[in-house]
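Load the model in your viewer and switch to a cartoon view. The tour moves from one selection to the next.

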Amino acid sequence: TWGLGAFGAVYGRFAEAGDDNDITDYGMLLQAGYLLSPSWEVFGRYGVIFFDNKVSGEDTFPEIVAGVNYYLGPKGSYKNSAKITVDAVYLPNGFPTNQTGLGIVADDDDQVVVRAQFILSL
């Protein structure tokens, strides 16, 4: 089937830091994808983290992502069991910590990360 899929989330973290220095961080995520054919899907995502205290001079770290999924098998019949995903991530404020599994390095400057992955589930 073809069509639109959408997802949204709001999340938070509270930490007791002692001496009345409690920390409350929160964020949100909005994602949409559109199945162009049984084999091809395009998607976009916007996420943002709001830190209670500034990290590397910033307290807001947005993420903008655009990508494509290719589902293998006759007319994409393998679905998420066998697919190729390629996406590009733009971090306009950089990111405060290394996220090496995602290809992100700690840096104050803006970053662009291009990733590709092949998923095979047996």
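Which residue forms a salt bridge with Glu-63, and how far apart are the closest N and O atoms? Select Glu-63 and Arg-45: these two form the salt bridge, with the closest N and O atoms 3.7 Å apart. Glu-63 lies in strand E4 and Arg-45 in strand E3, so the pair ties together parts that are 18 residues apart in sequence. Arg-45 has a relative accessible area of 17%, so it counts as buried. Keep in mind throughout that this is a predicted model.

**Stop 1: the sheet**

Now colour by strand. Six strands, in the order E1-E2-E3-E4-E5-E6, form an open sheet with antiparallel pairing. Select 3-15 and 111-120 to see the edges: strand E1 and strand E6 each pair on one side only. On average, neighbouring strands of this sheet are turned by 15° against each other, direction ignored. Strands of a sheet pair through backbone hydrogen bonds.

**Stop 2**

Select residues 40-55, which make up strand E3. E3 pairs with E4 in the antiparallel sense over 12 bridges. Pick Phe-50 and look across: its bridge partner in E4 is Thr-60.

Next, select residues 58-71 for strand E4 and 82-91 for strand E5. These two pair in the antiparallel sense over 8 bridges. Ile-64 stands opposite Tyr-90 in E5. Tyr-71 stands opposite Lys-83 in E5.

**Stop 3: the loop between E4 and E5**

Where is Lys-75 placed? Lys-75 sits in the loop between E4 and E5. Check its backbone: phi is near 55°, a positive value in a residue other than glycine. Lys-75 is exposed, with 70% relative accessible area.

Stay in this loop and select Lys-79. Its phi is near 45°, again positive in a residue other than glycine. Is Lys-79 buried or exposed? At 56% relative accessibility, Lys-79 counts as exposed.

**Stop 4: the other salt bridges**

How many salt bridges does a search of the whole structure find? The search finds 3. You have visited Glu-63 with Arg-45.

Arg-13 counts as partly exposed at 48% relative accessibility. Asp-25 is buried, with a relative accessible area of 6%.

Move to Asp-87 and Arg-115. Here the salt bridge has its closest N and O atoms 3.0 Å apart. Asp-87 is in strand E5 and Arg-115 in strand E6, so the pair ties together parts that are 28 residues apart in sequence. Why does Asp-87 count as buried? Its relative accessibility is 10%, and buried means under 20%.

**Stop 5: Gly-33**

Select Gly-33 in strand E2, residues 23-35. At 9% relative accessibility, Gly-33 counts as buried. What is in contact with Gly-33, leaving aside its neighbours within four places in sequence? Highlight Gly-3, Leu-4, Gly-5, Glu-41, Val-42 and Phe-43. Then draw a distance from Gly-33 to Ala-6. Their C-alpha atoms are separated by 6.4 Å, although the two are 27 residues apart along the chain.

**Stop 6: the nonpolar patch**

Switch to a surface view. Select Leu-30, Tyr-46, Ile-64, Ile-84, Val-86, Tyr-90, Val-112, Val-114, Phe-118, Leu-120 and Leu-122: together they make a nonpolar surface patch of about 1,100 Å². Which elements give two or more residues to the patch? They are E5 and E6. E6 gives the most, with 4 residues.

End on Val-112, which has its place in strand E6. Val-112 counts as exposed, at 61% relative accessibility.

Conventions: Residues are numbered from 1 along each chain as its sequence is written. This is a predicted model: local features need pLDDT of at least 70, side-chain atom pairs count only at pLDDT 80 or more; totals for chains, interfaces and linings use all residues. Side-chain values use heavy atoms; hydrogens and water are left out. Two strands pair if DSSP finds at least two bridges between them. Axes are lines fitted to C-alpha atoms, for helices over the stretch in contact, and angles run from 0 to 180 degrees between N-to-C directions. Patches are made of residues with over 30% relative accessible area and no salt bridge: like charges are joined within 9 Å, nonpolar side chains (Val, Leu, Ile, Met, Phe, Trp, Tyr) within 5 Å. Accessible areas come from the Shrake-Rupley method with a 1.4 Å probe; for residues, only the protein chains shown count as cover. A salt bridge is a side-chain nitrogen of Lys or Arg within 4 Å of a carboxyl oxygen of Asp or Glu. Buried means under 20% relative accessible area, exposed over 50%, partly exposed in between (1.4 Å probe, protein chains only). Contact means heavy atoms within 4.5 Å.
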